[in-house]
Amino acid sequence: MANIKAIIMPKWGLEMVEGTLAKWHVAEGQPVDQGQPIMDVETEKIANEVEADVGGVLRRVADEGSVVPVGGLLGVIAAKDASEGDVQSFIKNYRSEAVGRVEALSSNTANATEAKPEASAGSYGSAPVAAEASDDDESGSGKRASPRAKKLAESLGVDINKVPSDGNRISDRDVQAYFDSLPKDAAPAEDAPAGKVRATPRVKLLAKKLGVDLAEVTGSGSNGRITESDVKAYADETGGPLNEDVRSTPAVRKLAKELGIDLARVQGSGRNGRITKEDVEAAAAAPKAAPAAAAPSAYVPGVNPHTVEALNSMRKTIARRLTEAKQNIPHIYLTVDVELDRLLARRQKYNAANDGKASVNDFIIRASGLALKHVPKMNVQYHDDGLHFFKHADISMAVSLEGGLITPIIRAADMKTVAEIAAETKDLAARARAGKLKMDEIQGGTFSISNMGMLGIRSFDAVINPPQGAILAVGKGEERIIARNGSPAVATMMTVTLSCDHRAIDGALGAKFLEVFKELCEEPLALVL
């Protein structure tokens with residue numbers, strides 16, 4: 001039998017239990033080469049391209065926007081001589097496994113359902129099977145189901161009472177395996193609870209935005225799943241996408257399209273200004289008014305047009321972690337003003353003598369690393385088992401992305417020169433914006449720096465990134481009038497605010513760190529040695 005390889009949801013990091021298939025780069029049935037990027041996977045912490053382990057022909061299983069548990073089947077890469085029957089048999093018999101990479105499985109394995117692919121042994125070692133939540137719920141079939149299993153079953157349109165399991169508890173892997181085993185031509189209603197449809201949360205959000213009733217849409221995806229393309233096609237067929245300036249149903253939009261009525265100019269008589277069929281018919285019967293200079297868009301009293309942008313995994317993680325940080329960490333804030341003129345002069349001289357150009361932020365990272373070396377009790381993480389103190393300063397630097405914020409790490413910043421830091425920050429920032437960072441490049445920092453000075457912010461309070469003990473918020477450098485020897489003078493000043501976890505860092509300790517940091521910035525010779 002021809003060789004067929006499984007494409008599964010990879011495990012990036014110990015805490016990852018599921019991921020989102022954000023985008024396919026290769027069309028269904030198209031050939032792929034080994035090492036070719038085939039899809040984008042988005043997790044709570046990172047978004048990255050996934051490359052093909054082998055060459056062959058791509059067969060998709062999961063749709064874009066699908067949230068799939070680690071080890072869940074996303075697609076297969078089949079040899080060119082593989083028949084459609086071989087591919088479908090492989091997909092039907094595949095059993096999801098929580099593993100640590102995109103795993104290759106051969107269709108001629110003696111028992112595909114019992115295959116136990118090994119986890120990738122990267123910097124984390126062998127990846128463990130994801131643990132199930134302890135707060136189980138009854139499934140109604142005499143077995144218990146984890147919350148993740150119930151959530152996945154609902155998103156896939158699967159009746160959890162029909163899901164078999166090896167033990168007394170139904171896991172999300174059992175749900176995924178059962179869904180994968182369903183034949184392509186199975187009617188959704190046969191395996192979905194009454195009133196449920198097979199669609200991902202992203203598809204449901206799109207349908208809501210376009211005013212489409214998913215119960216009226218025929219799914220073209222795996223096992224009758226409704227895809228984004230199905231929703232868009234149905235919306236176009238029934239009169240086009242919902243105009244953000246009006247409220248109407250697909251049937252009303254279809255009628256308006258047939259009668260040549262612009263719904264943006266129709267006053268709705270329904271509830272909350274909703275446009276009804278009668279409103280459209282009345283607009284069609286009304287005499288045509290002479291063209292007049294009208295407002296750019298019609299105003300519907302009581303209706304404020306808006307759009308809804310779904311939260312991506314990164315934004316959800318930011319919201320969750322920052323909420324937890326503010327609720328659970330007793331923050332203490334310490335602020336000092338730093339004179340930058342000597343540092344700026346030293347930077348100018350340094351850049352003139354070196355090929356690579358260092359930014360002020362590179363000098364700040366260097367100063368922070370040295371300050372952490374001088375005040376080692378500041379280089380700390382707070383954990384339930386105690387305070388973890390680190391020998392080297394692994395400094396996380398905040399990088400703004402279109403969908404949120406990410407913090408790549410400058411490892412051992414206390415041991416690196418300004419030139420090494422400058423090269424590393426440029427590389428990390430570029431790869432962060434391109435979605436090319438590895439998990440170990442964003443996890444495990446001991447101290448954070450958030451620099452908003454380039455955005456014109458004078459000062460701000462940053463939220464601690466747990467389990468780190470502190471974060472330094474850096475404002476812009478600007479000329480200010482200061483007192484020097486009893487007389488006014490002009491100097492370039494920068495305000496920095498240190499946020500400390502008061503459980504790990506006392507005010508006096510934070511003040512000592514700022515004292516050393518300030519001295520290094522104002523007498524910057526040590527930064528370039």
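Guide: Start with one term. A residue counts as buried when its relative accessible area is under 20%, as exposed when it is over 50%, and as partly exposed in between. Also, this model is predicted.

Visitor: OK. How much of the protein chain is buried?

Guide: The chain has 529 residues, and 47% of them count as buried.

Visitor: And what is it built from, in helices and strands?

Guide: There are 13 helices and 21 strands.

Visitor: What share of contacts joins residues at least 24 apart?

Guide: Take the contacts between residues at least 6 apart in sequence. Of these, 61% join residues at least 24 apart.

Visitor: Switching to salt bridges. How many are there?

Guide: The count comes to 15. One of them pairs Glu84 with Arg59, with the closest N and O atoms 3.6 Å apart. Glu84 sits in helix 1 and Arg59 in strand 6, so this pair ties together parts that are 25 residues apart in sequence.

Visitor: Is Arg59 buried or exposed?

Guide: Buried. Its relative accessible area is 18%, and the cut-off is under 20%.

Visitor: Which residue does Arg484 pair with?

Guide: Glu339. Their closest N and O atoms are 2.7 Å apart. Arg484 is in strand 20 and Glu339 is in strand 12, so parts 145 residues apart in sequence are tied together. Both count as partly exposed: Arg484 at 33%, Glu339 at 24%.

Visitor: Where do Glu515 and Lys512 lie?

Guide: Both are in helix 13, residues 507-522. They are 3 residues apart, about one turn of the helix. Glu515 is partly exposed at 48%, and Lys512 is partly exposed at 42%.

Visitor: Which residues do shared partners join into one network?

Guide: Asp337, Arg458, Lys476, Glu478 and Arg480. The salt bridges there share partners.

Visitor: New topic. Where is Lys357?

Guide: In the loop between helix 10 (341-353) and helix 11 (360-374). Lys357 counts as partly exposed, at 45% relative accessibility.

Visitor: What is Lys357 in contact with?

Guide: Leave aside neighbours within four places in sequence. Then Lys357 touches Asn351, Ala352, Asp362, Ala422 and Lys426. With Asn351, a polar atom of the Lys357 side chain lies 2.7 Å from the backbone oxygen.

Visitor: How far is Lys357 from Arg347, C-alpha to C-alpha?

Guide: 8.9 Å. The two are 10 residues apart along the chain.

Visitor: Now the backbone. What is the peptide bond from Pro466 to Pro467, cis or trans?

Guide: Cis, with omega near 5 degrees. Most peptide bonds are trans. Pro467 lies in the loop between strand 19 (447-451) and strand 20.

Visitor: And what is the phi of Ala412?

Guide: About 50 degrees, a positive value although Ala412 is not a glycine. Most residues other than glycine have a negative phi. Ala412 is in the loop between strand 18 and helix 12. Ala412 is buried, at 17% relative accessible area.

Visitor: How about Asn485, what is its phi?

Guide: Near 55 degrees, and Asn485 is not a glycine either. Asn485 lies in the loop between strand 20 and strand 21.

Visitor: Buried or exposed, that Asn485?

Guide: Exposed, because its relative accessibility is 78% and the cut-off is over 50%.

Notes:
Residues are numbered from 1 along each chain as its sequence is written. This is a predicted model: local features need pLDDT of at least 70, side-chain atom pairs count only at pLDDT 80 or more; totals for chains, interfaces and linings use all residues. Side-chain values use heavy atoms; hydrogens and water are left out. Helices (H or I, at least four residues) and strands (E, at least two) are DSSP runs, numbered from the N terminus. Buried means under 20% relative accessible area, exposed over 50%, partly exposed in between (1.4 Å probe, protein chains only). Contact means heavy atoms within 4.5 Å. A polar contact is a pair of N or O atoms within 3.5 Å; within protein, one must be able to donate a hydrogen and the other to accept it, and residues adjacent in sequence count only if both atoms are side-chain atoms. A salt bridge is a side-chain nitrogen of Lys or Arg within 4 Å of a carboxyl oxygen of Asp or Glu.
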